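Please examine the sequence and the structure shown below.

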Amino acid sequence: ASPSKLTEASEMAPGEPFTEVWVCGHSLGGALGTLLAYELAVMKSTRVFLTTYGSPRVGNSRFASACSASLLLDGVRCVCDGDIVTGVPSAGFKHVGREVVVDRFGNAIVEPSFIERLFKNSSKTQVKSHLSGSYLAALAAVRQAERRGAMSVAEGLVAAMGIQPMAWAFGGNIDEQVRLAN
């Protein structure tokens with residue numbers, strides 16, 4: 001939805017206008033969601049929670065810095081290990097948000113270090129890893145690992161970044177999303 005449509009909707013809703021908005025998207029939807037989140041947070045002073053899945057890079061380093069500097073924009077960028085789309089475009093473009101890399105084995109790495117990238121991550125060459133079904137399967141595997149006692153992604157974000165757990169970060173009930181996708 002465009003900012004003008006959100007403003008329209010908030011004016012029609014009884015009570016206060018929107019004070020926070022959750023924006024999420026996969027692939028091009030994630031890229032467009034990033035632009036919308038920036039506009040809402042920086043230009044409209046709305047608190048925005050952004051979650052992208054398999055999003056390409058959207059802006060340059062100035063854009064990424066402006067997003068990071070905004071106290072109203074909080075973002076998580078979910079990357080399925082091997083996803084080719086998350087590596088493009090390369091020259092001069094930067095990602096926005098905290099990176100969480102997931103794989104089909106149930107591993108989740110929050111803000112991977114250079115060493116973790118070197119030894120864990122696949123090269124970004126797999127189109128199959130970009131499909132929404134691959135993301136759902138990887139997130140379901142992470143959920144299963146959490147049930148077996150692994151640290152949850154939310155706990156990992158808290159430990160790595162000192163931020164509050166975000167139930168919204170992975171779109172709510174992953175089990176239900178996987179059931180509906182199958």
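Predicted model: local features only at pLDDT ≥ 70, side-chain atom pairs only at ≥ 80, totals over all residues.

Residues are numbered from 1 along each chain as its sequence is written, and side-chain values use heavy atoms, leaving out hydrogens and water.

Side chains of opposite charge can pair when their charged atoms come close. The structure holds three salt bridges, each defined as a side-chain nitrogen of Lys or Arg within 4 Å of a carboxyl oxygen of Asp or Glu. One of them joins Arg47 and Asp74 (4.0 Å, N to O). Arg47 belongs to strand S2 (residues 47–53) and Asp74 to strand S3 (residues 73–80), 27 residues apart; strands (E, at least two residues) and helices (H or I, at least four) are DSSP runs, numbered from the N terminus.

Asp74 also forms a salt bridge with Arg98, with the closest N and O atoms 2.4 Å apart. Arg98 lies in strand S4 (residues 98–102). Asp74 is buried at 12% relative accessible area, whereas Arg47 is partly exposed at 25%; buried means under 20%, exposed over 50%, and partly exposed in between (1.4 Å probe, protein chains only).

Arg77 and Glu99 form a further salt bridge, their closest N and O atoms being 3.6 Å apart. Because Arg77 lies in strand S3 and Glu99 in strand S4, the pair ties together parts 22 residues apart in sequence.

On the surface, Phe114 in helix H4 (residues 114–119) is exposed, at 62% relative accessibility.
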